[in-house]
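Hi,

Here is the structure I promised to pass on to you. Please have a look, and then read my notes below.

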Amino acid sequence: MATFKDFRNTVKPNWCPGCGDFSVQAAIQRASANLGLEPEDLAVISGIGCSGRISGYIHSYGFHGIHGRVLPIAQGVKMGNRDLTVIAAGGDGDGFAIGMGHTIHAIRRNIDITYIVMDNQVYGLTKGQTSPRSDVGFKTKSTPEGSVESTLSIMEMVLTAGATFVAQSFSSDLKELTSLIEQGIQHKGFSFINVFSPCVTYNKMNTYDWFKENLIRLDDFENYDSSNRIMAMKMLMENKGLVTGLIYEDKEKKSYQDLVSGYSKTPLAHENIHLDEEKFKQLISEFM
């Protein structure tokens, strides 16, 4: 059985010291080992930005995609080989700006993958511009007088869009984050996990100390029911989305794979796709 170390490779991450993405990487590796996966059972697909490098730092199948396209690639990988555990990973800029259209449609499609967003409220790779998640008043080189754009309330949006697994964590809480990733992988459908992952270089507002002072843990609420969508929305709205834990899970809705007629139980990756000459000519004749 694989251990945490089996999901390590020899590539040294070049994130800034203190970056929250280190913890996300460790949580993915720990969760994969805890669930009994082997490196060949896992595919990590990543987007663009500092967080996009993560697929190269984990010993598994990996694919570093292009701007905003991590989810189409990840969904294609899952449809091509349903036996793989597929994790899509990216940042708030990649997923909530150029990739927002794909995020919404991946949610409603409910393909059985896990999407982990490293949310640092800034464009770190391009030297610190505002992202859709930056706070009003956030000062950067491109907004020297402070951003005047409203912050995207992503958790409320994801819940409204119909996500069947919605969770949020903080990169400093490795235990909770690992547990949520495990639960997301085990969930039969699209799992959305937002992770507050502080950028120590370009975001001096949303620091580790700031999050520790402002985040609320759902585990502290004895009567919280993660199967109650209305309660989940109320909790998010009352606390400005600054809650961590399993926010909502719908275990009844079927995944995309379970609903598609004729979707083979044998992964496409293992099918014999050889096309003999006679069959090829027959197909071509339909278009001639």
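At roughly how many degrees do the axes of helix α1 and helix α6 cross? The axes of helix α1 (residues 21-34) and helix α6 (residues 174-186) cross at roughly 50 degrees and come within 8 Å. That makes α1 oblique to α6, and α1 passes α6 in a right-handed crossing.

Before the rest, some background. This is a predicted model, where local features need pLDDT of at least 70 and side-chain atom pairs count only at pLDDT 80 or more, while totals for chains, interfaces and linings use all residues. Residues are numbered from 1 along each chain as its sequence is written, and side-chain values use heavy atoms, with hydrogens and water left out.

The terms used above are these:
- Helices are DSSP runs (H or I, at least four residues), numbered from the N terminus.
- Axes are lines fitted to C-alpha atoms, for helices over the stretch in contact, and angles run from 0 to 180 degrees between N-to-C directions.
- Angles under 35 degrees count as roughly parallel, over 145 as roughly antiparallel, 65 to 115 as roughly perpendicular and the rest as oblique.
- A crossing is right-handed if the near helix is turned clockwise from the far one, and left-handed if anticlockwise, by less than a right angle.

In α2, L71, P72 and Q75 meet H102, T103, A106 and R109 of α4, where contact means heavy atoms within 4.5 Å.

R133, D135, W210, K240 and L242 lie nearest its centre, among 19 lining residues. Both α5 (154-160) and α7 (208-214) supply at least two residues each to that lining. A pocket here is an open set of points on a 1 Å grid over the protein atoms alone, where a 1.4 Å probe fits, with protein on both sides within 12 Å along at least five of seven lines; lining residues have an atom within 4 Å of a point.

Best wishes
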